[in-house]
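Colleague: I have a structure open and would like to go through it with you. Can we start with the sheet?

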Amino acid sequence: MKDSPYLPRLARIEEIRVETVGRRPIKTFRVSLKDGGTFTFAPGQCVMVSVMGVGEAIFAVSSPPKGDGYIEFSVMKLGRVTSALHRAEVGETLGIRGPYGRPFPVEEWRGRDLLIIGGGIGAAPLRSLIGYVLSHREEYGSLTVLYGARSSRDLCYREEMRAWAERNDVSLHLTIDRPEEGWDGLVGMVPDVLREMKPSPENTVAVTCGPPIMIKFVMEALADMGFPPEDIYTTLERRMKCGIGKCGRCNIGPLYVCKDGPVFSYAEILKVSRNAGGGGVL
Amino acid sequence: MAEWWFMEPDAFHAFIRELGERFMLYAPARRDGIVTFTFVENHEDVELSKRPFTSPKAAFLPQTEVLLKFSLRGERVHLSPAQRPESPIAVVGIRPCEAGALKLLDPVFSSPPEDVHYTLRRENALLVGFACTSPERWCFCTSLGSSPFDEDGLDVLLVEVSGGYCALAVTERGRRALEVVRDMLRKADEALLGEIEERRRQAERAMKTLDVERFIARLEDMGDDPIWEEIAARCIGCGICTYLCPTCYCFDIQDEAGLTSGRRVRVWDSCMYPEYTLEASGHNPRPKRVHRVKNRIYHKFRWYVDLFGLVGCVGCGRCAEHCPVNVDIKEIISEVVRR
């Protein structure tokens with residue numbers, strides 16, 4: 001007898017890391033499957049996480065695929081499920097379904113320079129991608145990362161960023177919205193900083209994730225700077241219930257973010273945006 | 001050559017009584033004064049005289065269903081899958097358009113990963129159709145490739161004739177179902193066949209014809225047309241169109257829990273509600289009613305075609321029949337074609 005696709009696997013919280021504090025705090029959860037199985041996923045894919053009795057929500061996997069039996073996902077405390085996750089402790093049991101969705105086409109990008117642009121919690125899927133690229137470093141050209149947040153306290157994965165900054169094969173640019181004492185990075189909104197950076201579209205793939213409004217302005221900025229829409233990628237987020245293309249709500253026109261995405265090229269988005277029925281694609 | 005069999009009212013009742021022995025009967029019956037599709041215990045409750053308020057989609061996609069149960073004991077969580085249905089479902093009195101609607105839901109739920117909650121009910125079901133001899137003024141199924149006597153998707157088709165019903169076994173499963181009351185059936189004679197044909201012609205003549213093909217083609221460049229604002233200005237966002245639509249299937253998943261146990265349930269949802277797409281951050285990709293109205297029409301008439309090569313509407317007209325502010329899909333189709 002076939003199993004219900006809505007039946008989660010049980011997972012144990014192995015570690016919880018506080019990424020940011022404040023009004024909308026972010027934590028990263030490291031979990032392992034209780035049945036001893038391993039997760040097979042690719043950067044950009046998502047998992048449906050349950051807190052039994054509270055509900056389910058979809059999160060991008062924020063760790064790179066290592067085949068070590070663990071996955072990580074980062075959660076901003078906003079709604080019911082995310083608040084329950086923020087109350088959870090190490091050792092507690094969660095439900096996990098997935099992985100779901102179309103990952104970043106990392107194989108297609110071999111030999112290209114990568115420009116990765118993130119904002120806030122949008123760094124989560126990008127962290128998985130960067131981790132993958134760093135463990136396949138020789139397959140890719142230059143790696144440039146532009147990451148921004150409202151303030152220095154709102155930047156995620158700070159320890160890893162520090163480690164990337166020390167590498168000579170990663171060019172890392174951090175930016176915050178307003179000047180702060182002791183801040184030696186850039187100041188300004190991500191799309192504006194990007195325009196000042198004037199990255200070359202030559203043999204480059206640009207990948208962005210962040211708040212919807214940032215994604216919109218970043219993709220427009222990249223297009224203005226000569227990046228062809230086929231070389232601009234983003235990963236989108238929607239309210240989701242099933243994660244498998246059935247419950248209906250995550251569509252952008254005929255595309256379902258859960259199964260056709262969450263990774264889309266700007267070319268794909270432009271194609272469906274006209275009749276998509278929304279207040280904009282994002 | 002398929003054969004029509006005549007059954008007197010007694011034979012019809014014997015037929016559904018026999019079905020009730022082997023299937024869970026899902027049929028139109030009067031509940032709180034309204035004829036609606038429902039599970040019936042007593043075959044005498046089945047009432048075919050008028051088109052039911054609801055479509056029979058809830059037989060396969062219940063308005064509320066348990067997907068799984070869980071128990072919580074400290075750190076120990078135990079999950080138990082939902083119960084499988086004990087006996088198959090026989091839908092009696094399903095209209096041809098509604099059988100067509102199930103064929104539109106099938107690809108959504110059977111495409112991988114298969115939604116076994118739906119497909120298990122659907123695979124073992126028997127569909128005993130009831131031809132529409134007097135279509136409603138809302139009906140336009142003939143504009144969508146179906147017809148009031150369409151057999152497609154059914155196992156048995158019944159037609160009301162003078163003195164009883166005529167039955168046609170459409171599938172082998174349907175033939176076996178009729179076999180049980182074989183002794184009470186007699187082959188329809190020329191006069192009855194003539195009557196069936198006449199009723200078919202009358203029903204088809206009564207049907208409104210709309211140029212759906214042209215409508216679909218026009219939608220391609222109608223995304224920015226003011227018509228969507230005009231519809232949205234009238235729409236009150238009550239969602240009745242989606243609840244009564246036989247092809248709407250959107251759902252929500254919710255946990256219902258006490259301190260130590262609970263269940264995860266699937267419930268119908270509606271794309272007409274702003275909360276449907278509202279994210280916890282406050283961001284909403286379809287914030288305005290006009291976005292939701294347009295999404296609903298485009299989903300049925302464009303994206304269903306893109307995804308499955310099928311039009312996501314069967315022309316039953318329930319959305320128009322029960323809309324409190326008279327938003328009428330037939331008028332929308334005519335108006336878009338006219339513009």
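Colleague: What is the order of the strands in the open sheet of eight strands in chain B?
Modeller: The order is β3-β2-β6-β7-β8-β9-β1-β10 in chain B, and the pairing is mixed. Two strands pair if DSSP finds at least two bridges between them, and strands (E, at least two residues) and helices (H or I, at least four) are DSSP runs numbered from the N terminus. This is a predicted model: local features need pLDDT of at least 70, side-chain atom pairs count only at pLDDT 80 or more, and totals for chains, interfaces and linings use all residues. Residues are numbered from 1 along each chain as its sequence is written, while chains are lettered from A and ligands numbered from 1 in the order in which they are written.

Colleague: Which are the edge strands?
Modeller: β3 (34-39) and β10 (186-187) of chain B, each of which pairs on one side only.

Colleague: And β8 with β9 in chain B, parallel or antiparallel?
Modeller: Antiparallel, over six bridges, with β8 at residues 156-161 and β9 at 164-169 of chain B. L157(B) stands opposite L168(B) in β9(B).

Colleague: Which strands does helix α4 of chain B touch?
Modeller: Helix α4 (residues 172-179) packs on the sheet and touches β1 (4-7), β7 (126-130), β8 and β9 of chain B. Its direction makes about 135° with that of β9(B); angles run from 0 to 180 degrees between N-to-C directions, and axes are lines fitted to C-alpha atoms, for helices over the stretch in contact.

Colleague: New topic. What are the domains of chain B?
Modeller: Domain 1 covers 4-205 and domain 2 covers 212-338; such bounds come from an automatic or database domain assignment. Their centres, taken over C-alpha atoms, are 25 Å apart.

Colleague: How many residues of each are in contact?
Modeller: 31 residues of domain 1 of chain B meet 28 residues of domain 2 of chain B. Contact means that the C-beta atoms, placed from the backbone, lie within 7 Å.

Colleague: What gives the most to the domain 1 side?
Modeller: β4(B), with ten residues of the side of domain 1 of chain B that touches domain 2 of chain B.

Colleague: Last one: how many residues does each chain bring to the contact of chain B with chain A?
Modeller: 46 residues come from chain B and 34 residues from chain A. On the chain B side, α9(B) gives the most, with eight residues.

Notes:
Contact = placed C-beta atoms within 7 Å.
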